[in-house]
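Subject: Structure handover

Hello,

The structure we discussed is below, with the sequence. My notes on domains and helix packing follow it.

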Amino acid sequence: MLEIKNLKVSYDKVEVLHGLSLNVNEGEVVALVGANGAGKSTTLRAVSGLVRADAGTITLDGRRIDGASAVDVTRAGIAHVPEGRRVFAEMSVKENLLVGAFQRSDKDGIARDLASVFERFPRLEERQIQMSGTLSGGEQQMLAIGRALMSDPSVVLMDEPTLGLAPLMCRQIVKIVRELNSQGKTIVLVEQNARMALSVADRAYVIEKGEISVTGTGQELLHNPDIKKAYLGIA
């Protein structure tokens, strides 16, 4: 469904991704794990059109999307839940959600998806007229996920969705990932919490210094002694 081949990306002429290749099949949860600065977030940003690739290809359902604008990537069916949530703080919860549907014109579909988001996240419905900047971190993460779902995506890119959240909210995020996947969404999950990411993933890639170093099923990597030592804190 989503295929990346020989992807190279640079920031200020410093190459961050060095020919990275991976694929995501329809209906999978695929985790990208690795140390800070390894290139995980850059990979997602390249897929969603937020950064330009120097070389390589990105295809969605056989159609190349590398070089496409972020708007066109969204229209193609990819939604990005960014690291740090990045809600529009001075807009209401409902306004943030409607921004997620900016490229759509199907009013009935938008209304249906808004109702679905409120059903999934009752707290957002309760606070729909509240300014988003006043929400808690967990509520803002719910809002960021809900905003992404408002574009009616087939693929959801999630960048560090549990970052800075309490353990109870982290477990809620895991539940949300599983529910979305069971409902047909393909998920690409970047997580510093490798144990969580691998526990929920069908397959996973370990990124080291801009390259894929290890790949396997989530369970294979969860029980790989080298991965356990490097990323799970288990010697």
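Contact here means heavy atoms within 4.5 Å. Please keep in mind that this is a predicted model.

Helix packing

In that sense of contact, G138, Q141, M142, I145 and L149 of helix 6 meet M169, I173, I176 and L180 of helix 7. The residues in this contact comprise seven nonpolar and two polar ones, with no charged residue.

Two packed helices are described by the angle between their axes and the distance between the axes. For helix 6 (residues 137-149) and helix 7 (residues 167-182), the axes come within 11 Å and cross at roughly 15 degrees. Angles under 35 degrees count as roughly parallel, so helix 6 is roughly parallel to helix 7. The crossing of helix 6 past helix 7 is right-handed.

Domains

The chain is divided into domain 1, made up of 2-77 and 153-232, and domain 2, which covers 90-147. Taken over C-alpha atoms, the centres of domain 1 and domain 2 are 24 Å apart. Domain 1 puts 13 residues into the contact between them, and domain 2 puts in nine residues.

The size of an interface is often given as the accessible area lost when the parts come together. Between domain 1 and domain 2, about 900 Å² is buried, and carbon and sulfur atoms give 73% of that area.

Regards

Key: Residues numbered from 1 in each chain as written. Predicted model: local features only at pLDDT ≥ 70, side-chain atom pairs only at ≥ 80, totals over all residues. Heavy atoms only, no water. Axes fitted to C-alpha atoms, helices over the stretch in contact; angles between N-to-C directions. Helix = DSSP H or I, 4+ residues; strand = E, 2+ residues; numbered from the N terminus. Parallel < 35°, antiparallel > 145°, perpendicular 65-115°, else oblique. Left-handed = near helix turned anticlockwise from the far one by under 90°. Nonpolar A, V, L, I, M, F, W, Y, C, P; charged D, E, K, R; others polar. Domains from an automatic or database assignment. Buried area = accessible area lost by both parts, 1.4 Å probe.
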